[in-house]
Each structure stands twice: as C-alpha cells, then as structure tokens.
Amino acid sequence: MRSICPTGIDGFDQILDGGFLKNRAILLQGTAGTGKSTFALQFLVNGALKNDENGVLLALEYDKADLILDVNSFSWPLKELIDQKKIKVINLPGGLENPKEMDVDQLINYIYEQCTEINAKRLVIDSLNSIELIFSKSNNLRQDLMRFITLIGELDCTSMLLAEKYQNDKSEMYAFITHGVVNLYNLRMGSNRVRALEVIKMRGVNHSSLTHSMAIESGKGIVVLPHEIDISGLI
Ligand SMILES: Nc1ncnc2c1ncn2[C@@H]1O[C@H](COP(=O)(O)OP(=O)(O)OP(=O)(O)O)[C@@H](O)[C@H]1O
Ligand SMILES: [Mg+2]
C-alpha cells in the first residue's frame, strides 16, 4: 500500500492526491523570495503537530533565532516545537560564517546523527546551492552532489531539498535525480505580482498538471488554490 506523508499545506495535498510518498526526496525550486523556506518549514511544523513526525531543518543561510523571528507572523508554535525536540534546526559545524568543509560521507553522517537524535521522519535541506560550497574541495562536484542527493533519498525520512532555480544543467540534474519536483513562482503580471506553484513531477503520484495560484498569508503561511493560473509568457 502507498504510504503517504501529508504536507498539511492547504490545497497542496489535494493536488497531490493526499501528499508526498513517504521517504521520498522532493526538490522544491524557485527564484529568490518565492516561498521555498516558508513552504518547507510549514511541512515540518505540520508534520510535528498533525502527524506525530519529528523533523530536522538543516539551515545553511540563517540561524534558529532569525528563523523564529521571521516566521512570527504565521503564528506557528515553532519555538515550542523546538523546545519539545519535535523540530531541530541545525547549522553546520563551524556555523554560518565558517562552515566546516566536509565530504559527502561526513555530511550525510552528520545529518543522519541529527535525525536519529530526535527520531526525525522529515528532513529539509535549505539549500542545495549552499551545500555546493561545503564540497568546495571536491574533485567532481557534480558527482558528489548526485551522490549526496541519492543518499538523502535513502534516509528513513521524507525530505525536501530546496534550490534556487537557474536555467542551467545543475538545476536539471537536481530535478532528474529527485523523486519529485515542485516549482514555485513569484511573477509580475501587469502592475501586480502573482505567486504560483506547479508540480513538475512526482513519481508514483497522480498529481495535478495545472499551474496553481498560491498565496502566503499571515497567521497561516502557504495556501495553494485549486484553480489554474495562466503564467505562459511570464516565465
Ligand atoms: N506574514 C506574511 N504574509 C505574507 N507574505 C509573507 C509573510 N511573511 C513572508 N512573506 C513573503 O514570503 C517571502 C519570503 O519567503 P521565503 O523566505 O520562504 O522565500 P525563499 O524562496 O525561501 O527565499 P530565498 O530565495 O531568499 O531563500 C517574503 O519575501 C514575503 O513576500
Ligand atoms: Mg529561503
């Protein structure tokens, strides 16, 4: 039987026929400010609150204190969930300024240990672009990144890997080797900006093929709307 990992995000599970498949690695990509970090954190908060699934967030661009402040307007009990060890927000050894260089195995072991400590069933990597810097001594960055993503997919966690979207072959490689790909957009339409979300692929799931309108709302977070939005010509 299919084992589902609901995101708990209004409107999103419906277009995915219930949610992600458990233990899969999903790529969430978009340009700056499209809502990637918000979406992924909401996935962790909902997992802890509604599904009894603990979660680890590996943050490479911000620390726990900033994150708690940043999501204040969403009214999520993030601090309480962290205090209760249901969510763990981690940086790399060495901190944000001076993260320790690691090879793939060292990084995977570090993530595995952190997940084991709170029996995490959900994992977020924010972001793959920053992971590239950790492997800066690599002789074959592409191969190391592929191996890293493959090993993340083998952990006993449903994982979201966040990435800045570029028109380059690294973005394509990420999309190729992950089980699912979700694109977020924040586009100018006349004098407005519109947010949209599209499931590009989700192996084993009968998902919507529409581009859905999306909103980020105070007190709530991400909301995905059932209707289609026409963004042709904008991207
Ligand atoms: N309370 C709120 N109500 C509405 N929108 C909000 C609220 N808080 C944040 N936002 C929107 O969410 C955006 C930030 O989203 P987020 O940080 O998740 O994006 P991101 O894709 O992770 O960005 P980056 O590329 O910088 O990492 C803000 O720029 C703002 O437009
Ligand atoms: Mg972000």
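**Close-up views of a predicted model**

**View 1. The surroundings of ligand 1 in the predicted model.** Ligand 1 is surrounded by G30, A32, G33, T34, G35, K36, S37, T38, S73, I216, E217 and S218. Two elements, α2 (36-50) and β10 (211-217), each give two or more residues to this shell. The greatest contribution comes from α2, with three residues. By residue class, the shell around ligand 1 holds eight polar, two nonpolar and two charged residues.

**View 2. A cis peptide bond between D126 and S127.** The bond leading from D126 to S127 is cis, and its omega angle is near 15°. S127 belongs to the loop that joins β6 (120-126) and α6 (128-134).

**View 3. D52, a residue with positive phi.** The phi angle of D52 is near 55°, a positive value in a residue that is not glycine. D52 is located in the loop between α2 and β4 (54-59). Is D52 buried or exposed? D52 counts as exposed because it has 9 C-beta neighbours inside 10 Å, and a residue is exposed if that number is 12 or fewer.

**View 4. S75, a residue with positive phi.** S75 is not glycine, and its phi angle is positive, near 60°. The loop that contains S75 runs between α3 (64-70) and α4 (78-83). With 11 other C-beta atoms within 10 Å, S75 is therefore exposed.

Methods: Residues numbered from 1 in each chain as written. Chains lettered and ligands numbered in written order. Predicted model: local features only at pLDDT ≥ 70, side-chain atom pairs only at ≥ 80, totals over all residues. Near = placed C-beta within 6 Å. Helix = DSSP H or I, 4+ residues; strand = E, 2+ residues; numbered from the N terminus. Nonpolar A, V, L, I, M, F, W, Y, C, P; charged D, E, K, R; others polar. Buried ≥ 20, exposed ≤ 12 C-beta atoms within 10 Å, placed from the backbone.
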